[in-house]
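I opened my notebook to look up a few things in this structure. Here is what I wrote down as I went.

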Amino acid sequence: MNIFKSSADAPKRAVAEAALAHVQRGAVIGVGTGSTANFFIDMLGDLRNQIAGAVASSEATAQRLKTVGIEVLDLNSVNELPVYVDGADEINPDLHLIKGGGGALTREKVVAAVARQFVCIADESKCVDILGRFPLPVEVIPMARAHVARELVRLGGAPDLRIGFTTDNGNSILDVHGLEILNPIEMEREINQIAGVVTVGLFARRPADVALIGGPDGVRRVTARP
Ligand code: 5RP
């Protein structure tokens, strides 16, 4: 066993375990994408007989859910999604997020939009006062790449094409460096309006409802500042 890897993973495991308390028995659950979400999926396997199935935010998550014996449902067939559990790349005190480091931002945003409660799980390195140090992912239709990149430069960013990466929806990702996102709700709206943008990885109009943050002293439960 690699003890260095396992100690670095301890906060992720801890928040994944804490998120199990949010799982509603008998209901469908929304499940996100990434290394933290993977810990949650593996633990959720033990509850497979107590849930009605899961909606996945990516093909990778769907595959992992099936591996642990959880039925994966099409979001279109689900009327109610009480809870969505997912990680994040950055979290501010309003629980606005940057997501999409793993490239699953579009499906993540759709599942978050449907869910009644969005539970974000992350280690404390993801907490920031101002979003933007993590390059902001923007999913774009391939033919609009150059146009969207020019518009993002106009907004003060430095977009980089994520080389060799295609999203589950067949699109490209621009990772936008150098943004200091002082008004996440406004920036989300502005980037969403650029022709050719599928999704921006800012989750501000629909933030997380609760964040479970893992650190050396255990798991902190955080709600947005009043
Ligand atoms: C994937 C995401 C992930 O939630 C985000 O990248 C965090 O991943 P990890 O838990 O591996 O740090 O948005 O698109």
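I began with G102: a polar atom of its backbone sits 3.3 Å from an oxygen atom of the ligand. I keep in mind that this is a predicted model.

Next I looked up G87, where a backbone N or O atom is also found 3.3 Å from a ligand oxygen atom. For T36 I turned to the side chain, and there an N or O atom lies 2.6 Å from an oxygen atom of the ligand. How much of the ligand does the protein bury? I noted 90% of the 380 Å² that the ligand exposes when taken alone.

Then I checked the surroundings. There are 16 residues around the ligand, and S35, T36, D89, G100 and K126 come nearest. Sorted by class, I got 9 polar, 5 charged and 2 nonpolar residues in this shell.

T36 sent me on to helix α2, as T36 is one of the buried residues there. This helix covers residues 35-44 and is mostly covered, with 7 of its 10 residues buried. Which are the buried ones? I listed T36, A37, F39, F40, I41, M43 and L44. A handy reminder for myself: an α-helix has 3.6 residues a turn, so residues three or four places apart point the same way.

Last, I went to the surface. I found a nonpolar patch there made of I141, M143 and V198, which together have about 300 Å² of accessible area. V198 belongs to strand β10, residues 197-200.

Notes: Residues are numbered from 1 along each chain as its sequence is written. This is a predicted model: local features need pLDDT of at least 70, side-chain atom pairs count only at pLDDT 80 or more; totals for chains, interfaces and linings use all residues. Side-chain values use heavy atoms; hydrogens and water are left out. A residue is near a molecule or strand if one of its heavy atoms lies within 4 Å of it. A polar contact is a pair of N or O atoms within 3.5 Å; within protein, one must be able to donate a hydrogen and the other to accept it, and residues adjacent in sequence count only if both atoms are side-chain atoms. Accessible areas come from the Shrake-Rupley method with a 1.4 Å probe; for residues, only the protein chains shown count as cover. Ala, Val, Leu, Ile, Met, Phe, Trp, Tyr, Cys and Pro count as nonpolar, Asp, Glu, Lys and Arg as charged, and the others, Gly among them, as polar. Patches are made of residues with over 30% relative accessible area and no salt bridge: like charges are joined within 9 Å, nonpolar side chains (Val, Leu, Ile, Met, Phe, Trp, Tyr) within 5 Å. A salt bridge is a side-chain nitrogen of Lys or Arg within 4 Å of a carboxyl oxygen of Asp or Glu. Helices (H or I, at least four residues) and strands (E, at least two) are DSSP runs, numbered from the N terminus. Buried means under 20% relative accessible area, exposed over 50%, partly exposed in between (1.4 Å probe, protein chains only).
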